[in-house]
Amino acid sequence: MSSLPRRVKSEAKALTSEDDELPSFLNSSSESEEEEEEWEPKSKIAKRPRLPKKNEAKTKKVAAPRSAVARKKVKKAAIKEEMDVSLPIPPAEVNRMQLLEPKEEDVGTKPKTLNQKPEVPKKMEINSFQGKKVKSLENDEEPSTSVPVVGNQVKHEKSEEDFAFDEPPFKKIKSTTCPEGKPVKNLGGNKVKEEFEMNWDIVQALSEITNVESWVCANLIRLFQEENTIPFIARYRKELINNLEADALREVQQTLEELRTVAKKTHTMIQKLKKEGKLSGCLLTALLNCRTLEELDHVSAPYKTGSKGTKAQRAKQLGLEPAALCLLQNPMELNLFSYIRPNTKGLSTIQEVEAGVQHILADIFAKDKDTLDFIRKLCQQRYICIQSALAKVSSKSGNEKDIDKFQLYHEFSCNIKNIQHHQILAINRGENLKILTVKVNIPDGVKNEFCWWCVNERWRPKQFLKPELMRILRNSVEDAYKRLIYPLLCREFRSKLTSDAEKESVMMFGRNLRQLLLTSPVRGRTLMGVDPGYKHGCKLAIISPTSQILHTDVIYLHSGQGFREAEKIKRLLLQCNCSTVVIGNGTACRETEAYFADLIMKKYFAPLDVVYCIVSEAGASIYSVSPEASKEMPDLDPNLRSAVSIARRVQDPLAELVKIEPKHIGVGMYQHDVSQTLLKATLDSVVEECVSFVGVDINICSEILLRHIAGLNANRAKNIIEWREKNGPFINREQLKEVKGLGPKSFQQCAGFIRFNQEYIKTFCSSKKAELGSHALLTKAGAQGKKKSKPTPCASRQPNPLDQTCIHPESYSIAMRFLSFIGGNANDIGKSDMQQKVNAVIQKEGLEGTAKKLNTTVHTLQLIIDGLTQPEGFDIRTDFDKPDFKRSIVCFEDLSVGTVLTGKVENATPFGVFVDIGVGKAGLIPVRNITEAKLSKVKKRRSLGLGPGERVEVKVLNVDIPRLRITLDLIRVL
């Protein structure tokens, strides 16, 4: 008990010490001497906080005997109030996660406080959703993929958090989404840490903003708090998140960070104001009601250090606050003439006294929650538009080229409900460059209705008001609207539109990046990579099917030596038996493509049937001079390294593109105008998701690829490589626990995404055993009288066939029981016999029936079935598009309206999709031409439904030769 106040104190100290700097577009004061300044977007946004790490609260985990699951230590920590959420389970699913299960103990037993950890029951009973016991199979010593380890008998350890502090128990309220009853907090109880609470519930707020069910949000908050990664949650905790996709999880995570930022900054401001003696009850309520940084800035701006003070504050200092309150509460007794002080500035005349009272009333109105809620609701029902026009200064002195770029927005007006994300980003960029002026137009009808409501409803005086006092009240309402509320609404609208546009831009970049990273690899081919150039020649690199560099060279195709160089190219292709040329899309790309297409048409390379493809070389030059490239290819010239990178991008796009910083890959929109912190976090998360879902072979993958696996980082990846070099190849997943710095949590996150080639391991183990056998007698003779040495890993470890699948080690026991249930053998994984046995059982018992017999969830069972039936070496990228190989070329001038072509999507934006149709300039399919009917069912995804790398059939609608623009219509996705 004694440690509780210390913990509260320490948390308070941590919050107060945090930097209280608000985003740049919020720095303008909410009140000023004159009219409010217009909101101006900035190119950089304030840093976003990371999710809480190990110092954040963790619930108690309970260990139990098991073989393939990492043992978890019991940790104690205080749970923050805002994170004290009860975690109900999804409908029609068996809940398998102890920490997220609504327990029977929640009703009628010990009450819980906001500091308290969920109590661990002495005996766990896994019930079905309807409350009936499910008969588990014997030897159920391992949990399912959605359960942390739980033992049958757990030693119950009392702790100070097990006691409540006058708080009533949780109640279960039944709902349609959770028939069993969803525990909710009784708001009438006392709270332990009131100063750290907000007046809104973080789960409900998260649910409202993201449109995700509240029970899913509650589960996600707990999962993120326990440092689970998005790939791990998306694959192995599906029943707890209602099968959400990784993009949706990222959106929830980012929104959660935003809400936490608001809460932290609010509490920091509260502590600061309390220390300065400025905190009143009304101000505290107003601060705790803030849900966004804009609201927080509006409420706290007058109290910031260094503020010159608002008109209302100066009027209060002159002693006019009682007069203002009297006007609202008891106007019959108010005599403004009694406040006149002839020698005091601000009180010398009746007009100055009235102005002071007016400023105080305006301040009260503008800070009132109900008043702000009413005006916001009113704005939602009316036509609010955002307008942009050419700035007068830029039209005289600006760069004509830059001004022409924003021609669409010189006289632009659009309803804020209908404006597109790319339009907002374009307007903001134009405003930053001083080319455009932007304003939000709120109709006068809104102002009139608002003023009438304030005078006659919300702020109607309790007694009869004299005409001169009624005039002051009306003027106060108009002043509050014009000087305070209207600028606040403009800032809120602009900020919301910009924030949504930035998020969409970042999410679009993430989707494009994922599509690019998951491009199907071209296996088993020898490839020639060509980095085109004029003066310095074209750089060549030939790589083997295993990515080994066979030859590098420089040829000069565009300096009159083309015919002589053709002989060299032919000799190299025949010598290496290479029939595929990969050309980078940079400088001299079209000339180089025409050169190879001409030779191919003449069958110059016979007997080889040579084909070529164009690949993006974005980021290749940056990578070629990076430390990673120097380490990987130390003896190679940087110019030649880029040719190697271009070839490898076709052979294995994922393994090559992860070496390049994602923002240099060039599939984004307005990427330099958005929050760089948000962009980096999202793109890194997408890379981690792609690498994890594809999986890596632990014994052959590079350190760079390994560091992008969920749960691993640069240090852990380096330690794994060092362990592999010292001890030889890994035999099974259990050996990962021996790696330095790879604890139980890291193992849990990464284990399911790491693969083992069984043939390679069996060969290694058999050769090792033979070697051990030949030295057995020598070892026995030399070991007498000496200390016993540790057995070698190979001697004590055995290969596990399940390690080549996507099944998580925590589900191995269920997988083995399923194998015995269907009469299968672990050595038959991926074979047709296994598929037949699985199909027979599922057809007979059904998926849900089988899951019930195995005492697991349907999602876990489906994952096990996928792991057992997928062929060895299965790659999810085989379902994605491969590069488009060609033998001939089409010129820009050859295009005519109505021509039907095939092409490859190069980039996707909110206004349309750019398609490479092989003429040197990408064509645009406007978003209005992309309809669901034209997309195959497989391709119907969030957003536009098309992404980089997909092959499409298009029809030419318009060719604008002077502006080099091609407009296309989508016929179908190939």
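Okay, let's start with a proline. P607 sits in the loop between α18, residues 589–601, and β10, residues 611–615. What is the peptide bond from A606 to P607, cis or trans? It's cis, with omega near 10°. Keep in mind as we go that this is a predicted model.

N242 isn't a glycine, yet its phi is positive, about 55°. You'll find N242 in the loop between α4, which is 230–236, and α5. Its relative accessible area is 38%, so N242 is partly exposed. Then there's K434, again not a glycine, with a positive phi of about 65°. K434 is in the loop between α14, residues 421–432, and β5, residues 436–441. Is K434 buried or exposed? With 60% relative accessibility, K434 counts as exposed.

Now to the inside. In soluble globular proteins, nonpolar side chains tend to be buried together. Here the largest nonpolar core has 109 residues, and L220, L706 and I720 have the most contacts inside it. Which helix gives the largest share of this core? That's α5, residues 246–276, with 11 residues. Take L706 and look at what it touches, skipping residues up to four places away in sequence: V696, I698, C701, L712, A717, I720 and I721. Another core lies apart from that one; it has 63 residues, including A366, I386, I416 and V446.

On to the aromatics. The count comes to 12 aromatic pairs. One of them is Y409 with F412, which is edge-to-face, 5.2 Å centre to centre with 65° between the planes. The cut-off for buried is under 20% relative accessible area. Y409 is at 8%, so it counts as buried, and F412, at 13%, counts as buried too. How are the rings of W723 and F730 arranged, stacked or edge-to-face? They're stacked, 4.3 Å centre to centre, and the angle between the planes is 20°. W723 counts as buried because its relative accessibility is 9%, and F730 counts as buried at 0%.

K570 lies over the face of Y604, 5.1 Å from the ring centre. The charged end of K737 sits over the ring of F747, at 4.8 Å from the centre of that ring.

One more phenylalanine: F374, which is in helix α11, residues 369–381. How far apart are F374 and F450 in sequence and in space? It's 76 residues along the sequence, and 7.9 Å from C-alpha to C-alpha. Leaving aside neighbours within four places in sequence, F374 is in contact with F450, and also with E449 and W453.

D673 is in the loop between α22, residues 653–657, and α23, residues 676–694. Why does D673 count as buried? Its relative accessible area is 19%, and the cut-off for buried is under 20%. And what does its side chain meet? The side chain of R429, through a polar contact of 2.8 Å.

That's the tour, so over to you for discussion.

Methods. Residues numbered from 1 in each chain as written. Predicted model: local features only at pLDDT ≥ 70, side-chain atom pairs only at ≥ 80, totals over all residues. Heavy atoms only, no water. Core = buried A, V, L, I, M, F, W, Y, C linked by side-chain atoms within 4.5 Å. Buried < 20%, exposed > 50% of the residue type's maximum accessible area, 1.4 Å probe, protein only. Helix = DSSP H or I, 4+ residues; strand = E, 2+ residues; numbered from the N terminus. Contact = heavy atoms within 4.5 Å. Phe/Tyr/Trp six-rings, centres within 6.5 Å; stacked < 30°, edge-to-face > 60°. Lys NZ or Arg CZ within 6 Å of the ring centre and 35° of its normal. Polar contact = N/O pair within 3.5 Å; in protein donor to acceptor, adjacent residues only side chain to side chain.
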